[in-house]
Amino acid sequence: MRKLIIIFITFLPALVQAQVNLVRNGSFEQYSSCPTGIDQIKRANYWQTIDSISVDAGCTPEYCNNCADAATSGVNVPYGADYFHYARTGKGMVESNMYFDNSYTGETAQRNYTQGHLISNLTNGTNYCVTFYVTLAQVSGYANNKIGAYLDNGGIDAGQDSTHCGLPQMAITPQIIDNAIINDTLNWVKIQGSFISNGTERIISIGNFSDFTHTNAIQLHYPHSFGPVSFYLIDDVSVIESNAVANAGGNAVTGVGVKHHIGINEDGMPCTWYAFGDTTAIGYGGGIDITPTATGTYRYVVKLDLCGHVTYDTMTLYVWPAGVGNSQLTVSSLRVYPNPATNEITIENAANCDVVLYDFVGRIALRSYIFSGNEKLNISKITNGIYMLHVIDAATGEKIVRKIMKE
């Protein structure tokens, strides 16, 4: 009989330093309803065009998702009317018009601006790293530079209407701007930069804010059989404190053939995952799904690059034969003491369980795995306050939640 009594604990050095994406729905996975056609950015939760009341096709980005009808919508993932491309992570992304050659037609109202909400105002004087990924849609007749991100209090929306929101916003100076012409139609290209907040920013707007004269572009198709335009796909938008550190989540256990999510659940994260000792990426985002095919001990590494501040974190996944896992988890048998606690808590009758400690706003303060029926967790390094302790049976998914006071 196999008996493991080792406990592994992953501490975040400080909650304010853990990787937290301040952009709501940063990878466009959450939606109010599946898109049925073009100009439906509002179906992605917390996203819109710069004019909140506009329905004008000249300025409204497309919301693309795998749930859209592949034959009729034009915005399915990966089968779009203008592209064949998978999302960088998940099943959702955005398509946005970034350029129009008005020397060809004289038309100017052809700019899309993708505007999203932050969780809260940024902190005055704090340095943030902004990241998003783009790739050029294959139908594009042009590729251009000057793709950027502008963060403000929502004032960019002021004075706009459906007859002007598609014009180049030349009065805007985006904090983040890429001066390279991006013509890659296969790979996701990272656009990234940092800035110091003035404390008022609560909205992020992505697009090309320069006019025809101040944008460099190259023509990809001649004649204009694909239109004198560029369409870019956008995914994984994040705003993160520049000094944040990578978080691979806690060590975990699973069974052969069982899909298990490792890492954290935040979407839109500029993270890359590797098997320990390998340099080939196996996934992207805050967390990835692993389905082991054999028993053993596996280690995974997550890399977080925040404008040159690169950190790594490692987690271990223990894979047992299918069906193994007999926890004693029941409401009547689980014991957690002392409560309040100062330096450590004892957890009894929770063998083979995940243990996650959340603070009052839902951030993970501690995550571990319990192998035996009596374990002690060191909580001396977390901040005093009220926490919710989630104890989850790895085999059955049964969960018990207890309130814990750290003093």
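This is a predicted model: local features need pLDDT of at least 70, side-chain atom pairs count only at pLDDT 80 or more; totals for chains, interfaces and linings use all residues.

Trainee: What makes the pair Cys-34 and Cys-67 a disulfide?

Mentor: The cut-off is a pair of cysteine sulfur atoms within 2.5 Å. Cys-34 and Cys-67 sit at 2.2 Å, S to S, so they pass that test.

Trainee: Where in the chain do the two ends sit?

Mentor: Cys-34 is in the loop between strand E1 (8-11) and strand E2 (47-48), while Cys-67 is in the loop between strand E3 (62-65) and strand E4 (92-100). They are 33 residues apart, and the pair links distant parts of the chain.

Trainee: Is Cys-34 buried, partly exposed or exposed, and how do you know?

Mentor: Buried needs under 20% and exposed needs over 50%. Cys-34 has 26% relative accessibility, so it counts as partly exposed. Cys-67, with 30%, is partly exposed too.

Trainee: How many disulfides does a search of the whole structure find?

Mentor: It finds 2. The other one joins Cys-129 to Cys-307, also listed with an S to S distance of 2.2 Å. The torsion about the S-S bond of Cys-129 and Cys-307 is 90°, and that link is right-handed.

Trainee: What makes you say that Cys-129 and Cys-307 tie together separate parts of the sequence?

Mentor: Cys-129 lies in strand E6 (residues 127-136) and Cys-307 in the loop between strand E19 (296-306) and strand E20 (309-320), so the parts tied together are 178 residues apart in sequence. As for cover, Cys-129 has 0% relative accessibility and so counts as buried, whereas Cys-307 has 30% and is partly exposed.

Trainee: What about Cys-271 and Cys-353: why are they called buried?

Mentor: Buried means under 20%. Cys-271 has a relative accessible area of 0%, so it is buried. Cys-353, also with 0%, is buried by that reasoning.

Trainee: Cys-353 has a bridge partner, I think. Which residue stands opposite it?

Mentor: Ile-370 in E24. Strand E23 (residues 353-358) and E24 pair in the antiparallel sense over 6 bridges. They form a hairpin with 5 residues between them, and Gly-362 in the turn has a positive phi of about 90°.

Trainee: Why is strand E24 called largely enclosed?

Mentor: Because 6 of the 7 residues of E24 (residues 364-370) are buried.

Trainee: What makes strand E16 and E17 a pair?

Mentor: The test is at least two bridges between them. E16 (residues 271-275) is joined to E17 by 3 bridges, so they qualify, and they run antiparallel. Tyr-274 stands opposite Ala-281 in E17.

Trainee: There's another open sheet with 5 strands. What is its order?

Mentor: E2-E5-E11-E8-E9, with antiparallel pairing. Within it, E8 and E11 pair over 6 bridges, and Leu-151 has Ile-204 in E11 as its bridge partner.

Trainee: Ile-204 again comes up in the largest nonpolar core. Which residues have the most contacts inside that core?

Mentor: Phe-132, Ile-204, Ile-234, Val-237 and Val-239, in a core of 30 residues. E6 gives the most to this core, with 5 residues. Leaving aside neighbours within four places in sequence, Val-237 is in contact with residues including Trp-47, Phe-132 and Ile-204. Apart from this core lies another, of 20 residues, among them Val-336 and Ile-404.

Trainee: And the overall tally of helices and strands: how many of each?

Mentor: The protein has 1 helix and 27 strands. Of its 407 residues, 52% count as buried.

Technical notes: Residues are numbered from 1 along each chain as its sequence is written. Side-chain values use heavy atoms; hydrogens and water are left out. Helices (H or I, at least four residues) and strands (E, at least two) are DSSP runs, numbered from the N terminus. Buried means under 20% relative accessible area, exposed over 50%, partly exposed in between (1.4 Å probe, protein chains only). A nonpolar core is a set of buried Ala, Val, Leu, Ile, Met, Phe, Trp, Tyr and Cys residues joined through side-chain atoms within 4.5 Å. Contact means heavy atoms within 4.5 Å.
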